[in-house]
Amino acid sequence: MNIAVCIKQTPDTTTRIQVADGGGEIVDDGIQWIISPYDEFAIEEALKLTEANGGEVTIVSMGPARVEKTIREALAMGAQKAIRIDCESIPNDPGVTAKVLAEVLRGRGFDLIFTGRQAIDGDQAQVPGRLAHLLDWACVSVVIDLAIDGDKGTALREVEGGSERVHFTMPAVIGANRHLNEPRYRNMRGIMKAKRIPIEVVQVDAPAPQLEITSYSYPPQKGERKLFENGASDVAEVVRLLREEAQVI
Amino acid sequence: MNFALTEDQEMLRDEIVHFARQELNKDIIERDRNQQFPRDLWLKCGEMGLQGLPVPEEYGGAGLDALSTAIAIEALGYGCEDGGLSFSICAHLLACVIPIMNHGTEEQKRKYLPKLCSGELIAVNAMSEPGTGSDAFNMKTRAIKEEGGYRVNGTKIWSTNGPVADIALLYAVTDPGKGISGSTSAFIVEKETPGFSPGQKFEKMGLRTSPIGEMVFEDMLVPESALLGGEGAGFVLFNQSMEWERVCIGAKHCGTMRRLMEKSVSYSKERESFGQPISKYEAVSNKIADMKMRLEGARLLTYQGATRLDKARDVAIDASMTKIFVSEALVQTALDTVQIYGGNGFTTDYEVERTLRDSIGGKIYSGTNEIQKKILGNWLGL
């Protein structure tokens, strides 16, 4: 079973994001880059499947040379191959990402393509669906449990208020959610092995984006705290302020 | 001279810290109180590859160079708050696994290294004796050659991992006539060997999760194939393993100092007295500034020693300097951390008094600091 896992390099969840003057872009300096956390569940699941059934896991990521550090972190978990799709910056338009991925991955003989359910920076959650559409493959996303039997698969997906079980036919694109598994640690042997795996660099003419981010802004500042120190006798006042001032009830 | 870490050194450091914080830091107060060695965590460390850091991949290790090994051990000292567990790993790796890696026959390496690296086997370095600690080569344990191998009699003491070990790297005198550099040989002894019995287990003030004990060898016959590095190689082999130990346990101490310094920074910024955080008092902030200077100095010495471990022929001086400087820096930093924590620091729950107790051993094991100074003095022609 040959599996591709598409990963995205995103800022560390603890990074304080800074918007450049003018609001048009995010400041890259000082950002600690990581594998988007949902993608780690995708890598783990792909590794488990190939360990059980044979085959290879190929890590795929788009971006400039700095993305190779993130690719090595994925390889250190145990993947065998890697592709970096070279581009000046990671696309903001998930349509572009999906089209480029489809072009690179089509015809390479993959049985499954894993992604995270969404990347934690853009939060678009579009790539798995759009990629599957372009390949004309099945797509199951927000997956929390997965079983493969021959060319058939069963997945449990998280839906609002519960879960949903689906059957699908391979090949398929799977969007991994938290709880799908427990991603392994990168052990020392894995880290040293990852160092030696060549990363295939692919050049693609990216299509023109169909959307453009025009500005970024910070979330509204939290207001000043108000302390109520008289216990139950303050309740009426708290309710009044929540209704009239904060306008939340 | 480039002081930056490589990408893979950064990756292994970050991953070990992450692993140690997630997996190794639960219930240490209880383990310390009960002197309990966490075999399950030992095995998890084996899966991570910590017991085989510099061992070539073909023998089950990660194949790291000496500097990367030190950086990995520093990360363990930083992330893992169980000083006894990380000490046991160091003793196993530095004083047993590395000598087998460097001096074992192909057969010995194939037989022992993969299981030592995975954590399936635990090793003990059986060197010190009741009458000879830092004066190690004055040992009484004898191995007399006879048909079928060597007959060993003697008692070893203060053997880290002794009570839980599966194999011992045993040093014994084979030919007293050959003087200090040729009289001693090293043997790999399996615990099932008739005549090998663990003696009493010792209780100690620190590193309590790392079991330490006595080992008794009574008319024990070991085959010639157990000899490591040939007859008379004990001196070279032991000194080399002490160089690794003195430098790389220094690396562990650097990690521990970084943790203590960060704890002191955050505690002193939160704890208030007379209406302001205690970090605003110079008596406190000076202590932490000193911690930072000691840490950076200690780390430079450690990295310098580590870069020479697998390149230079004689690392004894680097190892002795590192050993003295870093172990004393750690004790001072641990003492100051307890002082900054005040009454809280004196209680067990805040988990800094344990690190102080753990740190004291550093001035004693691997050859006391006094002996290290003697080595330095001799080298300077004094």
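Predicted model: local features only at pLDDT ≥ 70, side-chain atom pairs only at ≥ 80, totals over all residues.
**Stop 1**

Select the strands of chain A. Nine of them, listed as 9 strands in the order β9-β8-β7-β10-β6-β1-β4-β5-β11, form an open sheet with mixed pairing. Which strands stand at the edges? They are β9 (162-169) and β11 (199-203) of chain A; each has a single partner strand, so one side of each is left without a neighbour in the sheet. On average, and with direction ignored, neighbouring strands of this sheet are turned by 35° against each other.

β5(A) and β11(A) pair in the parallel sense, over 5 bridges. To see one position in β11(A), select A:Glu200, which stands opposite A:Ile83.

**Stop 2**

Most residues other than glycine have a negative phi, and most peptide bonds are trans. The next two selections are exceptions to look at.

Select A:Met170 and A:Pro171. The peptide bond from A:Met170 to A:Pro171 is cis, with omega near 0°. A:Pro171 is found in the loop between β9 and β10 (172-176) of chain A.

Then select A:Ala125. Its phi is near 60°, a positive value in a residue other than glycine. A:Ala125 lies in the loop between β6 and α4 (127-135) of chain A.

**Stop 3: where the chains touch**

Show both chains. Here 12 residues of chain A are in contact with 15 residues of chain B. On the chain B side, the elements that give two or more residues are α1 (7-23) and α3 (39-48). Which of them gives the largest share of that side? It is α1(B), with 6 residues. Coloured by class, the side of chain B that touches chain A has 8 nonpolar, 2 polar and 5 charged residues.

**Stop 4: the domains of chain B**

Domain 1 covers 7-122, domain 2 covers 125-234 and domain 3 covers 235-379. The centres of domain 1 and domain 2 of chain B, taken over C-alpha atoms, are separated by 23 Å.

Between these two domains, 24 residues of domain 1 of chain B are in contact with 19 residues of domain 2 of chain B. On the domain 1 side, α2 (28-34), α5 and α6 (106-118) of chain B each supply at least two residues. The largest share of that side, 12 residues, comes from α5(B). By class, the domain 1 side divides into 12 nonpolar, 9 polar and 3 charged residues.

**Stop 5: α5 and α7 of chain B**

The crossing of the two is right-handed. Among the residues that make the contact are B:Cys90, B:Leu94 and B:Ile98 of α5(B), and B:Trp244, B:Cys248 and B:Ile249 of α7(B). By class, this contact has 9 nonpolar, 7 polar and 2 charged residues.

**Stop 6**

Select helix α8 (residues 282-309) of chain B together with α9(B). The two pack at an angle of about 155°, with their axes 9 Å apart. That makes α8(B) roughly antiparallel to α9(B). The crossing of α8(B) with α9(B) is left-handed. Residues that meet here include B:Met291, B:Ala298 and B:Leu301 in α8(B), and B:Phe325, B:Val326 and B:Ala329 in α9(B). The contact divides into 10 nonpolar, 6 polar and 5 charged residues.

α9 (residues 316-346) and α10 of chain B pack at about 155°, with axes 8 Å apart. α9(B) and α10(B) are therefore roughly antiparallel to each other, and α9(B) passes α10(B) in a left-handed crossing. Contact residues include B:Leu335 and B:Val338 of α9(B), and B:Leu356 and B:Ile360 of α10(B). This contact has 8 nonpolar, 3 polar and 1 charged residues.

Methods. Residues numbered from 1 in each chain as written. Chains lettered and ligands numbered in written order. Left-handed = near helix turned anticlockwise from the far one by under 90°. Helix = DSSP H or I, 4+ residues; strand = E, 2+ residues; numbered from the N terminus. Contact = placed C-beta atoms within 7 Å. Nonpolar A, V, L, I, M, F, W, Y, C, P; charged D, E, K, R; others polar. Axes fitted to C-alpha atoms, helices over the stretch in contact; angles between N-to-C directions. Parallel < 35°, antiparallel > 145°, perpendicular 65-115°, else oblique. Domains from an automatic or database assignment. Pairing = 2+ DSSP bridges.
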